[in-house]
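Subject: Structure handover

Hello,

Here is the structure I said I would pass on. Please look through it with the notes below at hand.

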Amino acid sequence: MNIFINTAWANTNSNSQSNPYSLAIMLAIFAGIFYFMIFRPQQKRNKIHKELLNSISKGDEILTNGGIIGRVVRITETGYIFIILNEKNDTSGNEILIKRDCVTAILPKGTMKAL
């Protein structure tokens, strides 16, 4: 039984030579994977959302983060949007003020009437 124990100790004490750049190469590979899997898709989503926010105009029907659907009445210079929730006689309705960043999507025309 002593023979096996000595052999095991002999194997653990052996010196192994490794490449000094292997850690740096491995970190660079993980950084590349992290960039292409997380940062790049998030940047694309932010760019698309910014284009959506810049394309909002009066009369568009929009959907907010909170699930509110309304028609844009006015757009202020400070980044706020007045939307009307329901239209009665095409002139009056419930008008609310929201932050422009809260817009999730621009809906096709006629969506409010279809609901």
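The notes below go from the whole chain to single residues.

This is a predicted model, in which local features need pLDDT of at least 70 and side-chain atom pairs count only at pLDDT 80 or more, while totals for chains, interfaces and linings use all residues. Residues are numbered from 1 along each chain as its sequence is written, and side-chain values use heavy atoms, with hydrogens and water left out.

**The chain as a whole**

The chain has three helices and five strands. Helices (H or I, at least four residues) and strands (E, at least two) are DSSP runs, numbered from the N terminus. Read from that end, the order of elements is α-α-β-β-β-β-β-α.

Of the 115 residues in the chain, 18% are buried. Buried means under 20% relative accessible area, exposed means over 50%, and partly exposed lies in between (1.4 Å probe, protein chains only). The chain exposes about 9,200 Å², and carbon and sulfur atoms supply 60% of that area. Accessible areas come from the Shrake-Rupley method with a 1.4 Å probe; for residues, only the protein chains shown count as cover.

Among contacts with a separation of 6 or more, 41% are between residues 24 or more positions apart. Contact means heavy atoms within 4.5 Å.

**The nonpolar core**

Which residues make up the largest nonpolar core? There are nine: L52, L53, I56, I62, V72, I81, I83, I98 and V103. The elements that give two or more residues to this core are α2 and β3 (80-88). A nonpolar core is a set of buried Ala, Val, Leu, Ile, Met, Phe, Trp, Tyr and Cys residues joined through side-chain atoms within 4.5 Å.

I62 is one of the core residues. Setting aside neighbours within four places in sequence, I62 is in contact with I68, I69, G70, V72, I83, I98, V103, A105, I106 and L107.

I69 is found in strand β2 and counts as partly exposed, at 25% relative accessibility. Not counting residues up to four places away in sequence, I69 touches I62, L63, L85, L107, M112 and L115. From I69 to I83 the C-alpha to C-alpha distance is 8.7 Å, and the two are 14 residues apart in sequence.

**Strands β1 and β2**

Strands β1 and β2 run antiparallel and are joined by three bridges. Two strands pair if DSSP finds at least two bridges between them. One of the residues involved is E61, whose bridge partner in β2 is R71. The hairpin of β1 and β2 has four residues between the strands, and G67 there takes a positive phi near 90°.

**Salt bridges**

How many salt bridges are there? The count comes to three. A salt bridge is a side-chain nitrogen of Lys or Arg within 4 Å of a carboxyl oxygen of Asp or Glu.

- D60 and K109 form a salt bridge, with their closest N and O atoms 3.3 Å apart. D60 lies in the loop between α2 and β1 (61-64) and K109 in the loop between β5 (103-107) and α3 (111-114), so the pair ties together parts that are 49 residues apart in sequence. K109 is exposed, with a relative accessible area of 59%.
- R71 and E61 meet through their side chains in a salt bridge at 3.0 Å, N to O. R71 lies in strand β2 (residues 69-75) and E61 in strand β1, so this pair ties together parts that are ten residues apart in sequence. Both R71 and E61 are buried.
- E95 and R74 form a salt bridge, with their closest N and O atoms 3.6 Å apart. This pair links distant parts of the chain, with E95 in strand β4 (residues 92-99) and R74 in strand β2, 21 residues apart. E95 is partly exposed at a relative accessible area of 39%, and R74 is partly exposed at 42%.

**Two more residues**

Is D60 buried or exposed? At 10% relative accessibility, D60 counts as buried. A polar atom of the D60 side chain lies 2.9 Å from the backbone nitrogen of S57. Not counting residues up to four places away in sequence, D60 touches S55, G70, R71, V72, I106 and K109.

Y35 lies in helix α2 (residues 22-54). At 35% relative accessibility, Y35 is partly exposed. Leaving aside neighbours within four places in sequence, Y35 is in contact with R40, P41 and Q43.

Regards

Conventions
Polar contact = N/O pair within 3.5 Å; in protein donor to acceptor, adjacent residues only side chain to side chain.
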